[in-house]
Amino acid sequence: MTFQFSDQKLIPIHEKVMAEARLSFEDGVTLFQSLDLLGIGYLANIVRERKNGNIGYYNLNQHIDYTNVCILHARCHFCAFARKNIETEGAWELSLEQFLDKAMYSREQGCTEIHSVGGLHPTLPFDYYLALLRGLKERMPQVHRKLFTAVEIHHLARISKQSIKETLIALKEAGLDSMPGGGAEIFAQETRDKICPGKIDADEWFDIHWQAHQLGIPSNVTMLYGHIETLEDRVDHLIRIREGQTRSGGFVTFIPLAFHPENTRLAYVPSTSGLTDLRCISVSRLMLDNIPHIRAYWIMLGLKTAQIALNFGADDIHGTVTEEKITHMAGASSPQSVSVDQISRLIQEVGRNPVERDTLYNEVIRDGNRWHSVAA
Ligand code: V47
């Protein structure tokens, strides 16, 4: 039986998908405009299964945000997390010991990854960041260290008076394994200037990731959607990622981030709808033909939408997390953490095969409290 599209504009896109042909900017706009959600999901699912079969990936990870004091606190209109200085209500900066104590939870829980980001702190020295990495490497060498967005790397290069390359080399020597995909926001400059004036631009963001990839540091990439961006901005963002991947090849996962407006300067913007969230997942899967994985980040989507997203183009639902600040300070109603049982059940319920992955999508095999990774 053939699928019946209710939007006839999807038929030529279906033909391209079947021929494994690259979708154009116009195709991206057509997809974002279409109300045929089931049609878009059907197309995205074809690509998802071609790339990742029936697997639903998850990982055991811990998020630790080392500080929310940020010199850009007044600049990023979408942010509810940043604070001006340590005296401001709700501000924190973790000492090295506090950070490492938190991370010990990972070891106890069998986490395979620490994910850590923070604000651009005005006074913490470069040595602090090196010490975080060295401390993790020393105390839990098997746990993957995914720390610092491109925006933080840019800041660290500035405070340490080094080039980006020198900064990345020093961080890698101290234990950096990969970089998270934050700070991408929306690349289209006109919109970027409105939501985060003064932040590094798209070229700088891609250059930092390119340099990381050259040094063997893989990374993720994100898109913050559901604020004031246009549909064209979203397609432009996805095409820039596709081109960036052609240049450097080190992007592992794309993570669309659903904007949460509470406690931000964009509080008047309505929260994203289920339709927008699923459409973003599907269109990303269809446009990003050279990115291996699309993640349904349940913290921002909520568990229910993230589960359904596994049949709309996503092959990964993120991890157990432990504690999350950025989205919860902006009003997220998702839990702070989920258990492996819960995550596996969500994946199984939609007919997918749950596979625990490490950060680089190798399968994690467990034996009691020991684990090792094998290529999936
Ligand atoms: O860059 C900030 C976004 C990002 C809000 O690579 C917000 O594995 C929604 O990038 N509503 C940081 N989003 C988080 C991030 C991330 C998260 C999980 C996994 C990975 C990964 C990366 O969060 C920021 C910004 O785009 N953000 N404020 C908000 N109010």
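A nitrogen atom of the ligand lies 2.9 Å from a polar backbone atom of His260. This is a predicted model, in which local features need pLDDT of at least 70, side-chain atom pairs count only at pLDDT 80 or more, and totals for chains, interfaces and linings use all residues. Residues are numbered from 1 along each chain as its sequence is written, and side-chain values use heavy atoms, with hydrogens and water left out.

- A polar side-chain atom of Glu185 is 2.4 Å from an oxygen atom of the ligand.
- The side chain of Arg295 places an N or O atom 3.1 Å from a ligand oxygen atom.
- The protein covers 96% of the 620 Å² of accessible area that the ligand has on its own (Shrake-Rupley method, 1.4 Å probe).

**Shell around the ligand**
- There are 22 residues around the ligand; Lys146, Gly181, Gly183, Glu185 and His260 come nearest (a residue counts as near if one of its heavy atoms lies within 4 Å).
- By class, the shell has eleven nonpolar, eight polar and three charged residues; Gly counts as polar, while Asp, Glu, Lys and Arg count as charged.
- Strands β5 (219-225) and β6 (251-258) are the elements that give two or more residues to this shell.

**Overall fold**
- The protein has 14 helices and eleven strands (DSSP runs: helices H or I, at least four residues; strands E, at least two).
- Along its principal axes, the C-alpha trace spans about 60 × 50 × 40 Å.

Conventions:
A polar contact is a pair of N or O atoms within 3.5 Å; within protein, one must be able to donate a hydrogen and the other to accept it, and residues adjacent in sequence count only if both atoms are side-chain atoms.
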